[in-house]
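Subject: Structure handover, contact between the two chains

Hello,

Please find the structure below. My notes on the chain contact follow it.

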Protein chains: 2
Amino acid sequence: MGRDRGGARQVAITIKDVAREAEVSVATVSRALNGRDNVAPEVRSHVQEVAARLRYVPHSAARSLITRRTQTIGALLPDMHGEFFSELIRGIDRAARAQSYHLLLSSSHGDAGETAIALQAMLGRVDGLLIMSPHADPGFVEEYLPPTLPAILLNPVHGHTRLPALAVDNRAGAYAMTRHLAHCGHRHIAFIAGPKGNLDAEERLQGYLDALRELLPGVEPQVVPGDFSEESGYRAGSLIARQKPLPQALFAANDSMAIGCLFALGEAGLRVPDDIALAGYDDIPSARFTQPPLTTVRVRIADLGGRAFDQLVALVASDGQTKAQLHSVQMLAPELVLRASCGMNGSKTTSPTPLEEKKRTQIEPDARRRSTSAIPKNR
Amino acid sequence: MGRDRGGARQVAITIKDVAREAEVSVATVSRALNGRDNVAPEVRSHVQEVAARLRYVPHSAARSLITRRTQTIGALLPDMHGEFFSELIRGIDRAARAQSYHLLLSSSHGDAGETAIALQAMLGRVDGLLIMSPHADPGFVEEYLPPTLPAILLNPVHGHTRLPALAVDNRAGAYAMTRHLAHCGHRHIAFIAGPKGNLDAEERLQGYLDALRELLPGVEPQVVPGDFSEESGYRAGSLIARQKPLPQALFAANDSMAIGCLFALGEAGLRVPDDIALAGYDDIPSARFTQPPLTTVRVRIADLGGRAFDQLVALVASDGQTKAQLHSVQMLAPELVLRASCGMNGSKTTSPTPLEEKKRTQIEPDARRRSTSAIPKNR
DNA sequence: GCGCGGACTGTAAACGTTTGCAGACCCCTT
DNA sequence: AAGGGGTCTGCAAACGTTTACAGTCCGCGC
């Protein structure tokens, strides 16, 4: 079986080899292997058997040359670190494998220029593009993206774009957390803000402000500056610890700052949550290791990636026809993770609280993608 | 400029369009754009100008159909979380972009079967493969991998393989850390082990045992079981805290366990490092946030990925001829990160200590790839 | 003046698929 | 017995490149 072929060195098996071996034409092989219905059943199984025996793998370049499909989508991602990045990739990758698509990755783009170059390089090789670009102006995308290539933005969008987008609803998450703190009985809730230009940071701040205005009218908001770093959280924490009337609760725009803040509060002799409640945002892994464990807002990153991928494939499949319909911005609702630091829920267990519907298009809540594993695997 | 073309809907620009517009043959366009030298300079620049104006992008499938190169390498990775995964990808991606290669990613493989399927799917689409498979038997790789396709393993290898491999020298790292603890004056050093079947865990244990035997002859090793989880570290810590003669130092096979252990020691009223020194392995981000910051062993993951990629491309370029030469196992030396928890170095700053040469092939130390950023970026 | 070589350019084949079209065959109906 | 229809199969074109080969043109040396 599998007779030697004349040539000097072994070249890849092609459809012709299968055809010769199975004693049919290449057209029949193609039809049999691609599941067309106009093939006699016994011929089909024979061809399949021969193909398997020869370990035939279709040459994807040849195939996509004629079908004009690559079965590949590209992901253009910025320079990201840690859990956020890996979760996003995980979600995209899972969805891709489920649809038997391939994933062409290009990450670590520092600026719009790098992203544009990477975009160029991907042009012939993908059926669609997932683009995450924190750079203020996504105009370069419209500049370099061929109008026919489906693409989905993973950004918090700010203004006009002809591309559909998917984003985490930062504002809704911050709103919900603030509401939770209010429900705990806290009235004086201070907020440690993120860096100025950052869209995520500003949306979170907005959620805090909105909730305060709507749920605790008359209470003055207090915003302490920060920049998402642990150090800035530490500084904010020691500042607040010296405050004459201590706030009842402290809400940091991300977990890193909350952790830094926790250190500062501890140094000042304040106990969390007894003397002051604390909450963060992101649910980074360290959040569950702090003492006390940190109440925070979890963002289902893997879900975000998976959903974006599925939408993109739908766009690809529809050949750009549904494009007009899907030309929208969808928001993915985050969920609260209540741990001990807010004083409400002393247990260590996670109890997700679904958020209510927020403005713009909303995604139906479902949980088909598995929850992100809490404990980091080995290593 | 860019005159309308007759057809109904806009199809991609091909080399023929450029040829027609530039009034030369397609062969000349190809030669001009690919930098062949047998093209008149003025013709070349004219063609380049026209191609740019038409936004011509070569159809990569057509190109690789004939060149038999895809300019793409594939990465087959297991189901990984967090920093380790993202650093690895970052390193690979950077190297890929530097060599203008594309990266086809398939991750989250739970078992050998999934990896094999993913491998199959990638077969026609990549020039080479980077494979990381923690599954005990990499035999399936040899089974499904065409003999002509260059590939590099990212595993700690255990025994025979015809593939070149690159791995982190777990044993050397554990050895160096144990030596450091001994240099600090500790003699009774206990080790919290990782899960039984795990290769990383066993290599680390071996490093500890070797160091103890060679550097502190006569001292009895103490190995406490663990499974890499924070909980198991906690259990090990409370066990040890109750010990009659307390060990002077405690070395956990990974940081998660060290952190769990730290909690347990704290609950038992023991101060680190005054009452007992503590060290971990991996340098996960949380390691620098603990109180006191954790002394640990850092693994330059991004470097590992980048090196592996560069070697793979060299293999691809050499058309498999150097394969015999490169058929080796290279070890990447980790470095110590001394923080306060070991009692030696009270400062918070990282001071990497290069390791001495260890057995097998060793990689020349260089630091061309930038250090992994310490503080997690925004989000 | 003629041939020769060098520099450049064009023609066409090849890469491995998919698929429209047409042919072959068989069975059924008339 | 002839024709019609259905089912299956093969032929060959097409996809967009690269590149071997065969020119063409020009200048130069004889």
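How many residues does the contact take from chain B and from chain A? Chain B gives 67 residues and chain A gives 67 residues. Keep in mind that this is a predicted model.

Interface size is often expressed as the accessible area that is lost when the parts come together. Here, about 5,900 Å² is buried between chain B and chain A. Carbon and sulfur atoms account for 50% of that area.

On the polar side, 14 residue pairs are in polar contact between chain B and chain A, counting pairs with both residues at pLDDT 80 or more. Six salt bridges are found across the interface. One of them joins the side chains of Asp79(B) and Arg94(A), with an N to O distance of 3.6 Å.

Which elements of chain B supply at least two residues each to the side that touches chain A? They are helix 4 (60-67), helix 5 (82-98), strand 2 (102-109), helix 6 (112-122), helix 9 (199-215), helix 10 (230-241) and helix 11 (255-267). Helix 5 of chain B provides the largest share, eleven residues. Sorted by class, the side of chain B that touches chain A holds 21 nonpolar, 26 polar and 20 charged residues.

Regards

How values were computed. Residues are numbered from 1 along each chain as its sequence is written. Chains are lettered from A and ligands numbered from 1 in the order in which they are written. This is a predicted model: local features need pLDDT of at least 70, side-chain atom pairs count only at pLDDT 80 or more; totals for chains, interfaces and linings use all residues. Side-chain values use heavy atoms; hydrogens and water are left out. Contact means heavy atoms within 4.5 Å. Buried area is the accessible area (1.4 Å probe) that two parts lose on being put together, summed over both. A salt bridge is a side-chain nitrogen of Lys or Arg within 4 Å of a carboxyl oxygen of Asp or Glu. A polar contact is a pair of N or O atoms within 3.5 Å; within protein, one must be able to donate a hydrogen and the other to accept it, and residues adjacent in sequence count only if both atoms are side-chain atoms. Helices (H or I, at least four residues) and strands (E, at least two) are DSSP runs, numbered from the N terminus. Ala, Val, Leu, Ile, Met, Phe, Trp, Tyr, Cys and Pro count as nonpolar, Asp, Glu, Lys and Arg as charged, and the others, Gly among them, as polar.
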